[in-house]
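Colleague: I would like to learn how to read a structure such as this one. Please take me through it.

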Amino acid sequence: MSFVETFFNWDVFVSSFPLLLSGLRITLLLGVVSIIAGLVSGLFIALIRIYGARPLGIVAKVYTDIFRSIPILVLLIVVYYALPFVGLRLSPFMSAAVALTLVSGAYTAEIFRAGIEAIPSGQFEASQALGLGYRHMMVDVILPQAVRIVIPPLTNNCINVIKDTALASVVAMPDLLKQATQAQALEANPTPLIVAALMYVAILWPLVILVGRLEKSFRRGDR
Amino acid sequence: MAAIVSIKNLHKKFGTFTALAGISLDVAEGEVVCIIGPSGSGKSTLIRCINLLETYDYPGQVIVDGIIVERGRGLAAVRAEVGMVFQSFNLFPHMTVRKNIMLAPMRVRGESVATADAMATDLLQKVGIEEQADKYPAQLSGGQQQRVAIARALAMKPRVMLFDEPTSSLDPEVVGEVLEVMRDLAKSGVTMIVVTHEMGFARQVADRVIFMDEGQVIESGSPAEIFDHAKEQRTRDFLSAVLEH
């Protein structure tokens with residue numbers, strides 16, 4: 001068998017493509033759900049950590065530390081295989097979404113916190129000295145600067161979440177990787193794996209380039 | 001003459017460090033007061049208490065234009081009447097020079113875009129950098145940035161201007177252009193309280209010079225009284241140390 005026939009087999013490609021597309025759809029859905037839930041919970045945790053009462057702030061810090069230390073694969077397996085013993089049985093999709101959100105939320109919280117804390121105190125003082133109220137200070141002065149700082153690392157985090165969705169294939173979720181390995185077993189040919197790999201790259205490469213562009217353009221005009 | 005700023009028995013501690021140990025000071029409308037003294041003497045803390053960027057301890061009181069400066073609803077209103085220029089400029093880096101100046105008049109005073117814009121043009125002319133209006137702060141020299149900061153504070157038409165070591169982070173060759181703008185302001189009758197290390201400026205421009213050390217006013221008087229005929233040994237020691245080099 002030739003190299004092309006092995007790795008880029010047209011017939012295998014055609015017959016497995018619908019399966020891969022359905023996997024891709026689930027991968028993207030899982031990614032988007034986890035990213036949005038992670039953003040919301042992350043912002044919430046960051047605000048608690050900066051502005052919340054001290055005990056709450058400590059809880060938020062412990063949360064971010066733990067969920068940045070635990071491997072997502074371990075967390076996913078705990079959620080899927082251990083929680084049923086306490087009566088909590090989640091579907092593969094829910095298990096993966098919960099695990100990814102918990103971890104993404106922890107990273108997102110750290111990104112937001114760093115972004116807000118990176119604004120020099122002089123910006124707050126100048127706003128206050130001019131008589132700006134809290135809302136105008138945040139909306140006109142602080143947040144526009146924080147967003148510039150936060151968007152590149154947030155985009156990076158999105159890339160990581162989408163990559164990590166592939167871990168869900170171990171709990172039998174029919175995502176892109178799972179469909180590819182199944183098609184490969186069925187056809188006894190690695191072409192579906194190659195196509196799946198190319199699909200991941202096709203989705204994520206533009207985001208990687210975007211991060212670079214954003215970092216460059218936000219650095220301009222600053223300072 | 002009525003005091004526009006009235007400071008009574010002001011105390012401030014940072015932990016165990018006493019920054020202000022009972023300061024009382026009245027500043028009249030139109031007066032230019034320069035505060036000098038060694039670093040750590042409480043000069044900056046004192047003027048930062050005037051618009052409550054620093055809170056002060058009980059008892060003690062700051063009254064600006066008849067209003068007690070304290071936390072609460074009235075604070076933003078008092079702050080709007082007190083302009084402040086910082087050592088590190090603190091311009092808003094994401095806005096053009098013109099937008100920096102227009103922001104507070106529009107948001108706090110409710111001025112229209114057209115009015116605020118005309119005011120910005122006028123003020124930039126006054127501080128001599130109208131051609132920089134559409135640049136960002138990072139594109140300007142330190143001296144130019146500080147002149148924008150002065151224009152930004154003036155745009156609120158404040159009753160009092162506070163200057164917290166306005167030339168201390170500037171390169172020596174641009175200190176003069178900032179002092180020049182401040183000199184013009186003083187001549188135009190703006191009430192000014194200036195914390196500075198520029199003894200030449202204090203001598204020429206101040207109506208009154210205050211020497212502070214260890215959180216207290218050691219001596220105050222006309223420039224001639226302080227610079228030429230200081231009564232206190234501590235004042236003389238400080239002046240001979242800073243004027244020697």
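Predicted model: local features only at pLDDT ≥ 70, side-chain atom pairs only at ≥ 80, totals over all residues.

Modeller: Residues are numbered from 1 along each chain as written, chains are lettered from A in the order written, and side-chain values use heavy atoms without hydrogens and water.

Colleague: How much area do chain A and chain B bury between them?

Modeller: An interface's size is often given as the accessible area lost when the parts come together. Here chain A and chain B bury about 1,800 Å² (1.4 Å probe, summed over both), with 62% of it on carbon and sulfur atoms. Of the area that chain A buries against chain B, 31% comes from Glu125(A), Ala129(A) and Leu130(A), more than from any other three residues. The contact (heavy atoms within 4.5 Å) takes 19 residues from chain A and 23 residues from chain B.

Colleague: At what angle do helices α3 and α4 of chain B pack?

Modeller: Angles run from 0 to 180 degrees between N-to-C directions. Helix α3(B), residues 97-108, and helix α4(B), residues 113-126, pack at about 130°, with axes 9 Å apart. Among the residues in contact are Ile101(B) of α3(B) and Leu123(B) of α4(B).

Colleague: Is Ala77(B) buried, partly exposed or exposed?

Modeller: Ala77(B), in helix α2(B), is partly exposed at 45% relative accessible area (buried is under 20%, exposed over 50%, 1.4 Å probe, protein chains only).

Definitions and conventions. Helix = DSSP H or I, 4+ residues; strand = E, 2+ residues; numbered from the N terminus. Buried area = accessible area lost by both parts, 1.4 Å probe.
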